[in-house]
Amino acid sequence: MFNATLLAAFIPTFMLVSFTPGLCMTLALTLGLTIGVRQTLWMMFGELVGVGLVAVSAVMGISAIMTAAPMLFIIFKLAGGCYLAYLGIQMWRSHGRVSIDADTETADAKTLAKSGLILQGFVTAVANPKGWAFFMVLLPPFIDGSLPLVAQLMALIGIILIIEFIALLIYATGGRTLKAWLQTPSGIRKLNKISGGLLVTVGAWLALGQ
């Protein structure tokens, strides 16, 4: 069972976060440009496994804090929202710099084994501190304490993985189309401003929302 109202609010919120450029989306875009979408699917599989693991670990850890110290969770929520807004401001002010550089890929990327691509996606997801911060801040507000935790967690993680996969696929397939645009400072600045604005919006909602 889960709260349908919270679930309906969670979907657009996580879509904003998932489609914002980050380590995993940058990796999907770069591999899509260099080895093609079909091969990049193996990286996506590893990334989705890592995202699921991070989401479960983050929720189980933060739920203990919510039970033992509600005020501490409120402080954490405010700090997390401010952190996301800070990331957005930094991206907005990046002046054309974004961590995408398709031209620097080496020929080795074209010969990666499936296991190597899976491991690359998994490690990128698990070792990304911003991913941990997102899940620790984003998921708890959408969990109803009066309903079973496991069922809600399964529903939320299922939605997360579906949205994440769609975002990865779009980045991988859109890379070739965006290649020329992203190589211009003007295009990168526009991408940074759009992404930064989305992050600031999500951060403000988390810090100020109930």
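This is a predicted model: local features need pLDDT of at least 70, side-chain atom pairs count only at pLDDT 80 or more; totals for chains, interfaces and linings use all residues.
Q: Which helix holds phenylalanine 165?

A: Helices (H or I, at least four residues) and strands (E, at least two) are DSSP runs, numbered from the N terminus. Phenylalanine 165 belongs to helix H7. The protein chain has 8 helices and 0 strands, so read from the N terminus its elements are α-α-α-α-α-α-α-α.

Q: What share of the chain counts as buried?

A: Of its 210 residues, 45% count as buried. The accessible surface (Shrake-Rupley method, 1.4 Å probe; for residues, only the protein chains shown count as cover) comes to about 10,700 Å², and carbon and sulfur atoms hold 72% of that area.

Q: Which residues form the nonpolar patch on the surface?

A: Patch members have over 30% relative accessible area and no salt bridge; like charges are joined within 9 Å, nonpolar side chains (Val, Leu, Ile, Met, Phe, Trp, Tyr) within 5 Å. A salt bridge means a Lys or Arg side-chain nitrogen within 4 Å of an Asp or Glu carboxyl oxygen. Here the patch consists of Leu41, Ile162, Phe165, Ile166 and Ile170, with about 420 Å² of accessible area together. Helix H7 gives the most, with 4 residues.

Q: How many aromatic pairs does the structure hold, and how do I read one?

A: Aromatic ring pairs are described by the distance of the centres and the angle of the planes. Rings of Phe, Tyr and Trp (its six-membered ring) pair if their centres lie within 6.5 Å; planes under 30 degrees apart are stacked, over 60 edge-to-face and the rest tilted. This structure holds 3 such pairs. In one of them, phenylalanine 10 and phenylalanine 14 have ring centres 5.8 Å apart and planes at 20°, which means that they are stacked. Both lie in helix H1 (residues 4-18), and because they are 4 residues apart, about one helical turn separates them. Phenylalanine 10 is buried at 1% relative accessibility, and phenylalanine 14 is buried at 3%.

Q: Which kind of pair do phenylalanine 10 and phenylalanine 142 form?

A: Theirs is edge-to-face, 5.1 Å centre to centre with 70° between the planes. Phenylalanine 10 is in helix H1 and phenylalanine 142 in the loop between helix H6 (129-138) and helix H7 (149-182), so this pair ties together parts 132 residues apart in sequence. Both residues are buried. Ring pairs join Phe10, Phe14, Phe135 and Phe142 into a cluster.

Q: Which residues are in contact with threonine 124, beyond its neighbours within four places in sequence?

A: Contact means heavy atoms within 4.5 Å. By that rule threonine 124, found in helix H5 (residues 114-126), is in contact with Leu23, Cys24 and Leu27. Threonine 124 counts as buried, at 18% relative accessibility. Across the chain, 88% of the contacts with a separation of 6 or more are between residues 24 or more positions apart.

Q: Is alanine 155 buried or exposed?

A: Alanine 155, in helix H7, counts as buried because its relative accessibility is 19%. Its C-alpha atom is 8.6 Å from that of leucine 7, a residue 148 residues away along the chain.

Definitions and conventions
Residues are numbered from 1 along each chain as its sequence is written. Side-chain values use heavy atoms; hydrogens and water are left out. Buried means under 20% relative accessible area, exposed over 50%, partly exposed in between (1.4 Å probe, protein chains only).
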